[in-house]
Amino acid sequence: MSALALLEETLAELFERELRAAGATPDLLWRRLEEAGLTLAGVPEAAGGSGGGLEEAAAVVRVAGYFAAPTPLAETAFLAGWLLAEAGLPIPAGPLTATAAESISLRHANGGFVLEGRAARVPWARAARSVVVLAGGHVACVPGEAVGLEQAENLAGEPRDDLVFDGVALTADEARPAPAGVDAESFRARGALARSLAMVGALERVLELSVRYAGERVQFGRPIGRFQAVQQEIAVLAGEVAAATAAVAAAVESCDVLAIAVAKIRAGDAATKGASIAHQVHGAIGFTEEHELHRFTLRLWAWRDEFGSEEHWAVALGKLVAAAGPHGLWPLLTATKEEEHDG
Amino acid sequence: MSIADIVGRRHKGPAGYPEFRREVRSFLAGEEFEPRCDAWLIGHDPEFSRRLAARGFVGMTIPTRYGGPGRSALERYVVVEELLAAGAPVAAHWIADRQTVPLLIRYGTEEQRRRFLPAIAGGECSFAIGMSEPDSGSDLASIRTTGHRVDGGYSVSGRKVWTSHAHRSDFMIVLCRTAALTEDRHAGLSQLLIDLRAPGVEIRPVRLLTGEHHFNEVVLDEVVVPDSLVVGTVGEGWSQVVSELAYERSGPERLLSTFPLLVELVRALGDRPDKGGAAALGRIVAHLATLRHLSLSVAAALEAGELPLVRAALVKDLGTIHEQAITETARRQLALEPHVASASRLERLLAEAILAGPGFTLRGGTNEILRGIVARSLGLR
């Protein structure tokens with residue numbers, strides 16, 4: 001088994017165990033993840049992470065999506081850990097979150113820095129021990145207690161809290177200039193990739209649930225999966241999952257903004273269509289709070305709108321394509337990393 | 001079959017083969033043709049095929065010992081997608097290159113390979129597909145064309161339909177029943193290689209609503225086929241045909257039939273489209289880029305010796321629907337009343353795409369049949 005497959009399996013086993021255990025809490029889950037060294041996958045060891053690269057970080061986010069894990073794994077490794085490692089700042093223990101809200105200002109003061117402003121909808125902020133902020137061309141790591149917090153949630157009930165930075169003072173070594181390539185745009189792209197990965201995980205689960213339900217639910221003397229209408233719908237769902245998976249895998253491989261735009265659009269479209277089909281297959285019971293389907297469909301509905309909806313990224317991609325012109329379209333679609341190095 | 005197998009998380013696409021792309025693009029730069037939608041079906045130009053063959057781009061997977069370029073399926077994929085994206089007239093050699101070459105390499109006798117493969121590589125020998133019949137479309141196993149045993153071969157009688165370019169092809173691979181029908185409907189079918197100039201072959205045109213004539217009805221009246229032209233094993237025709245399907249269903253021709261129209265749409269929207277135009281373009285390109293990754297992952301799996309029939313079915317289902325979506329997006333973005341005889345390339349391509357549209361999701365296995373295949377693999381049937 002490859003190291004990547006082992007990572008996925010270890011994480012999956014942990015989620016299976018911890019999420020079903022009696023008395024499971026997000027805090028306990030986080031502690032188990034930290035003990036297993038799974039919270040900083042993809043962050044270089046030299047920076048305090050558990051090593052590996054984007055592929056490892058991506059796998060963790062996807063598996064967390066599959067389990068609808070109520071914990072800021074993506075925010076910690078994929079976003080906060082990435083920012084801190086890029087800026088050469090130490091990575092503190094505990095759950096982390098990050099924001100690059102342009103409504104936060106950073107200014108020099110008293111030999112250090114002062115943060116001012118409000119960041120809306122910061123994921124898992126109330127659960128985070130520290131908040132990593134990208135502002136004024138700098139990366140800063142702010143202790144949670146220093147920031148004002150107003151609770152809010154997304155459609156799936158995941159924390160999306162507003163943070164208030166009311167003259168938060170930082171010493172000179174608590175903030176570092178962000179290197180080239182680390183800015184609000186690349187942060188948004190990174191967040192979009194994280195949500196796309198999580199959606200792929202959730203979509204896989206939704207397909208599994210739908211296949212299982214269609215095989216178990218008996219009406220008119222047979223499992224409903226025997227009806228062609230249901231078979232066709234589930235096949236379409238499988239197609240959406242395959243497409244989203246392919247688009248997101250390509251984005252992890254190349255990690256350029258075009259590929260990320262493709263992934264977010266395709267995963268978002270798949271989330272929309274997939275959630276719709278899954279609910280149709282599950283009938284009324286799938287619509288209840290008691291049934292587990294909503295744990296995934298609510299997340300799909302929420303995640304598709306975060307870090308830029310399909311429409312936002314389609315406009316961005318469309319502008320890129322238009323700028324390339326009619327003769328640039330095919331080269332744009334067929335360019336590979338090797339060619340970029342040759343060119 | 002696990003969902004991971006179907007969805008294909010573990011399959012990566014291949015590298016870009018930039019040298020081939022450059023070569024094909026340089027070849028195309030020296031050619032003059034009008035880009036067309038559905039070029040692999042309607043762009044019939046034997047001279048173009050011969051020039052392409054002279055550059056080693058026809059029958060690319062034919063081994064060198066049979067006079068071919070001896071290239072991999074992935075290298076062929078790259079060349080084919082370059083040609084289709086350009087709307088180049090590849091129809092004359094299309095079937096021979098896509099179907100007949102892998103069939104003969106896999107199941108042909110040494111004599112058949114020596115006779116046909118070099119000619120295909122030279123762009124000199126064309127083939128048609130004889131599978132569907134008036135009463136057998138989706139239900140291919142129900143075909144009634146029969147091959148009766150005669151001295152030294154078979155006498156074939158029946159009717160084949162939807163045979164593209166049979167009227168200007170040299171040979172046709174006919175699926176027929178050579179043993180009586182039993183409980184196993186798939187047993188007793190064979191693939192026979194028929195010379196379309198042989199006595200007993202009558203070809204009648206089938207015109208489409210597009211105005212095109214490329215389809216035909218081929219009536220076979222006791223056409224004699226010698227044993228030497230049986231392809232593969234007598235009675236094993238069904239499994240031979242099925243193995244072709246993964247190749248046939250997932251290729252770039254299932255994504256790029258309307259690509260020439262998309263190019264013109266980009267031209268028409270200009271370099272600063274409004275928000276709606278940009279969004280429509282971005283969405284189309286995102287879906288197309290995704291389909292290409294999916295298609296390439298199937299090609300890579302095929303190259304690795306696997307047979308991802310389910311994923312190939314998914315590619316064809318999604319890809320052909322998207323080909324139609326490109327047409328609709330173009331139509332909605334441009335306020336045109338297109339016609340195939342228009343002086344404007346954009347209008348011609350849009351009209352062509354609209355008219356050809358229904359065929360995308362019907363040919364090569366209707367999308368409903370493909371979804372049934374996917375459903376079966378998920379254990380629902």
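Biologist: How many of the 13 residues of H3(A) are buried?

Modeller: In this predicted model, H3(A) is largely enclosed by the rest of the structure, a conclusion that follows from its count of buried residues. The buried residues include Ala57(A), Val60(A), Arg62(A), Gly65(A) and Tyr66(A). Of the 13 residues of H3(A), the number that are buried is 10.

Biologist: Which helices are included in what covers the buried residues of H3(A)?

Modeller: Ala58(A), Ala59(A), Val61(A), Val63(A) and Ala64(A) are also among the buried residues of H3(A). What covers the buried residues of this helix includes five stretches of chain A, namely helix H1 (3-20), helix H4 (73-87), helix H5 (184-216), helix H6 (228-254) and helix H8 (293-303).

Biologist: How far apart are the end C-alpha atoms of helix H3 of chain A?

Modeller: Helix H3 of chain A covers residues 54-66, and at 1.5 Å a residue its 13 residues should span 18 Å. Just after H3(A), Ala68(A) takes a positive phi of about 50°.

Biologist: Where is Ala22(A), is it buried or exposed, and how far is Ala22(A) from Leu300(A) in space?

Modeller: Ala22(A) has its place in the loop between H1 and helix H2 (26-35) of chain A. With a relative accessible area of 81%, which is over the 50% cut-off, Ala22(A) is exposed. Ala22(A) and Leu300(A) are 278 residues apart in sequence, and their C-alpha to C-alpha distance in space is 26 Å.

Biologist: How much area do chain B and chain A bury between them?

Modeller: The size of an interface is often given as the accessible area lost when the parts come together. Here 47 residues of chain B are in contact with 52 residues of chain A. Of the area buried between the two chains, 68% is on carbon and sulfur atoms, and the total is about 4500 Å².

Biologist: Which helix gives the most to the side of chain B that touches chain A?

Modeller: Between the two chains the count is 10 residue pairs in polar contact. Several helices of chain B each supply at least two residues of the side that touches chain A, including helix H2 (18-29), helix H9 (259-269), helix H10 (275-303) and helix H11 (309-333). The residues of this side divide into 25 nonpolar, seven polar and 15 charged. The helix that gives the most to it, with 15 residues, is H10(B).

Biologist: How far apart are the closest N and O atoms of Arg283(B) and Asp269(A)?

Modeller: Side chains of opposite charge can pair when their charged atoms come close. The rule finds two salt bridges across the interface of chain B and chain A. Arg283(B) forms a salt bridge with Asp269(A), and the distance between their closest N and O atoms is 2.7 Å.

Biologist: Which residue of helix H12 of chain B pairs with Glu264(B)?

Modeller: Glu264(B) is found in helix H9 of chain B, and at 8% relative accessibility, under the 20% cut-off, Glu264(B) counts as buried. Leaving aside its neighbours within four places in sequence, Glu264(B) is in contact with Leu346(B) and Leu349(B), among others. A salt bridge also reaches Glu264(B), with the closest N and O atoms 3.8 Å apart. Its partner lies 81 residues away, so that the pair links distant parts of the chain, and this residue of helix H12 (residues 345-360) is Arg345(B).

Biologist: About how many helical turns separate Glu35(A) and Arg32(A)?

Modeller: Glu35(A) forms a salt bridge with Arg32(A), the closest N and O atoms being 3.3 Å apart. Glu35(A) is exposed, with a relative accessible area of 58%, whereas Arg32(A) is partly exposed at 28%. Because the two residues are three residues apart in helix H2 of chain A, their separation is about one helical turn.

Biologist: What is the relative accessibility of Arg332(B)?

Modeller: The side chains of Glu328(B) and Arg332(B) meet in a salt bridge at 3.7 Å, N to O, and the residues are four residues apart in helix H11 of chain B. Glu328(B) is partly exposed, with a relative accessible area of 29%. Arg332(B) counts as exposed, and its relative accessibility is 60%.

Biologist: How many salt bridges does the count come to over all chains?

Modeller: Some charged residues are linked in a network of salt bridges, which in chain A joins Glu75(A), Glu158(A), Arg160(A), Arg195(A), Arg299(A) and Glu306(A). Over all chains, the count of salt bridges by this rule comes to 50.

Methods: Residues numbered from 1 in each chain as written. Chains lettered and ligands numbered in written order. Predicted model: local features only at pLDDT ≥ 70, side-chain atom pairs only at ≥ 80, totals over all residues. Heavy atoms only, no water. Expected span 1.5 Å × (residues − 1). Buried < 20%, exposed > 50% of the residue type's maximum accessible area, 1.4 Å probe, protein only. Contact = heavy atoms within 4.5 Å. Buried area = accessible area lost by both parts, 1.4 Å probe. Salt bridge = Lys/Arg side-chain N within 4 Å of Asp/Glu carboxyl O. Polar contact = N/O pair within 3.5 Å; in protein donor to acceptor, adjacent residues only side chain to side chain. Nonpolar A, V, L, I, M, F, W, Y, C, P; charged D, E, K, R; others polar.
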